[in-house]
Protein chains: 2
Amino acid sequence: MEEPAGLNGELLLRPVRGGNSFEETVQRLLQTVRLGLVGPGERLPAERELAGMLAVSRDTVREAIASLSDAGYLVSRRGRYGGTFVSEVLPTHLPGTDQEDALAPTRNLSPEVIEDTLTLREILEVGGARHAAGRALTPSERELLWLSLVEANEATDEEYRRLDSRFHLMVGELAGSASLTPLIADVRMRVNELLDNIPSLGPNIAHSNTQHEQIAIAILTGRPDAAAQAMTEHLAGTALLLRGFLE
Amino acid sequence: MEEPAGLNGELLLRPVRGGNSFEETVQRLLQTVRLGLVGPGERLPAERELAGMLAVSRDTVREAIASLSDAGYLVSRRGRYGGTFVSEVLPTHLPGTDQEDALAPTRNLSPEVIEDTLTLREILEVGGARHAAGRALTPSERELLWLSLVEANEATDEEYRRLDSRFHLMVGELAGSASLTPLIADVRMRVNELLDNIPSLGPNIAHSNTQHEQIAIAILTGRPDAAAQAMTEHLAGTALLLRGFLE
DNA sequence: ATCTAATGGTCGGAAAGCGCACCATTTGAC
DNA sequence: GTCAAATGGTGCGCTTTCCGACCATTAGAT
């Protein structure tokens, strides 16, 4: 007695969580820093607030912060007007070093995982860009988009990754689905981890900036297909790079 | 001192988990049943296997199964060739009854939530269909797609929801991104919950079937844009229905 | 009739996570 | 100089979850 098969229960009966509360909290804070949602020197919410936002006990938040402080991502100061701050200089993320990086749960680098990541990214980001262009944006939203574009344009090599991530997240945010943003953030983290494993990227920052501009303009002028196409072409560059180096 | 703003940390500092292990396990099993991945009368994996798949202790699995048995979704039989089975007749899910449905965590029905759900669904499913049409499908995959199409066509009103869900999941599965399927499953569950709150849908089952066929054919003949367009039109029907009733 | 294998059912200790109260430190306001 | 407020730091008891071992039941094989 066989299943109709092809679509069995195993598809949904996957792990209900990607680790314990502590690990997930660490990853979430790391996302917030690496994707540039809270920049170097800026302050995170107070521990009690973080515990509330993350729906996790303060103990767990504290342990996560302790780990990230050890790793050099965060710095805590106590007292009034104290708090937990993002380090002014973030730890560089080198692949060659044989340091035990407990923060990056050794991700699989098989071709399947790479294709999975790139495909998902394209679906989410191209779809997001298309919907963003199809919506009626408020003046404030239009300014924010342009601002994040300009900031990415002016970025130095060191901070480019972070500001580029911010721009892409901003586009996703404008799609008008609150549930979409975390998904884009997740897949973006996966892409960044892949990029960490290839040497000396960044030859095409200028080209990237041009493409960013095309995307932003298509969104601001309300042309969904153009936005989708511009985003598709933009992502194709990264995809080609990753496939070339890692497959 | 204000943020650059518009894209602050709150976007990522959301709850790290949607409930405790028990609740998430219940939801996962419920998904598997409601989306038809394991049909009425069919058997679930053994408790020890489930615990392994879901990365959760057997105790938690057992508690979840106990809840779902009380609710009438599952039936357990012990002994060799025993196991946990999906009920032959699934509990109907009526909104009018004032029964405390502990299994359906009262979802918000605000316009924002509805738009969020519909937007995300369109991005995921249209993108999935487009990619499925752009891939080289194996003969086996082509057969599975057609099979799920035929099964949905032959469905009675009662089982239509389940088999329709299976068809949509199958399309997503063919996109070639393993990470995509759970996302489509999640958003599909959200759509189904919305549909549970409007009376007597299902006038357009015939029309739905026609659209399903167009989607399947576009995918099988490798026409990404046609697949995406067919899926877009198909989803527009549901979206119109939901917006009309719930907003 | 018996044995065997696979299943669900039960129990007890260890660990993780939670919630709360309280302590220690810092800084601006007065 | 003192105080108030906001923050990180610490300790404790409770609940949930985990893990492993063992028991009870069933259906087929022998």
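**View 1. Polar contacts between chain A and chain B.** In this predicted model, 18 residue pairs, both at pLDDT 80 or more, are in polar contact between chain A and chain B. Here a polar contact is a pair of N or O atoms within 3.5 Å; within protein, one must be able to donate a hydrogen and the other to accept it, and residues adjacent in sequence count only if both atoms are side-chain atoms. On the chain A side, α1 (21-34), α2 (47-54), α4 (111-134), α5 (139-153), α6 (157-173) and α7 (180-196) each bring at least two residues to the side that touches chain B. Helices (H or I, at least four residues) and strands (E, at least two) are DSSP runs, numbered from the N terminus. The largest share of that side, 10 residues, comes from α4(A). Sorted by class, the side of chain A that touches chain B holds 30 nonpolar, 16 polar and 14 charged residues. Ala, Val, Leu, Ile, Met, Phe, Trp, Tyr, Cys and Pro go down as nonpolar, Asp, Glu, Lys and Arg as charged, and the others, Gly among them, as polar.

**View 2. How much surface goes into the A-B interface.** Interface size is often quoted as the accessible area lost when the parts come together. For chain A and chain B, about 5,400 Å² gets buried between them, 62% of it on carbon and sulfur atoms. That is the accessible area (1.4 Å probe) that two parts lose on being put together, summed over both. The contact (heavy atoms within 4.5 Å) draws 60 residues from chain A and 60 residues from chain B.

**View 3. A salt bridge across the interface.** The rule picks out 2 salt bridges between chain A and chain B, each a side-chain nitrogen of Lys or Arg within 4 Å of a carboxyl oxygen of Asp or Glu. One of them pairs A:Arg17 with B:Glu24, with the closest N and O atoms 3.4 Å apart.

**View 4. Around A:Glu24.** Buried or exposed: which is A:Glu24? A:Glu24 sits in helix α1 of chain A and is buried, at a relative accessible area of 14%. Buried means under 20% relative accessible area, exposed over 50%, partly exposed in between (1.4 Å probe, protein chains only). Setting aside neighbours within four places in sequence, A:Glu24 touches A:Arg17, A:Gly18, A:Gly19, B:Val16 and B:Arg17.

**View 5. Chain A as a whole.** Chain A has 9 helices and 2 strands, running α-α-α-β-β-α-α-α-α-α-α from the N terminus. Of its 247 residues, 49% count as buried.

Residues are numbered from 1 along each chain as its sequence is written, and chains are lettered from A and ligands numbered from 1 in the order in which they are written. Local features need pLDDT of at least 70, side-chain atom pairs count only at pLDDT 80 or more, and totals for chains, interfaces and linings use all residues, while side-chain values use heavy atoms, with hydrogens and water left out.
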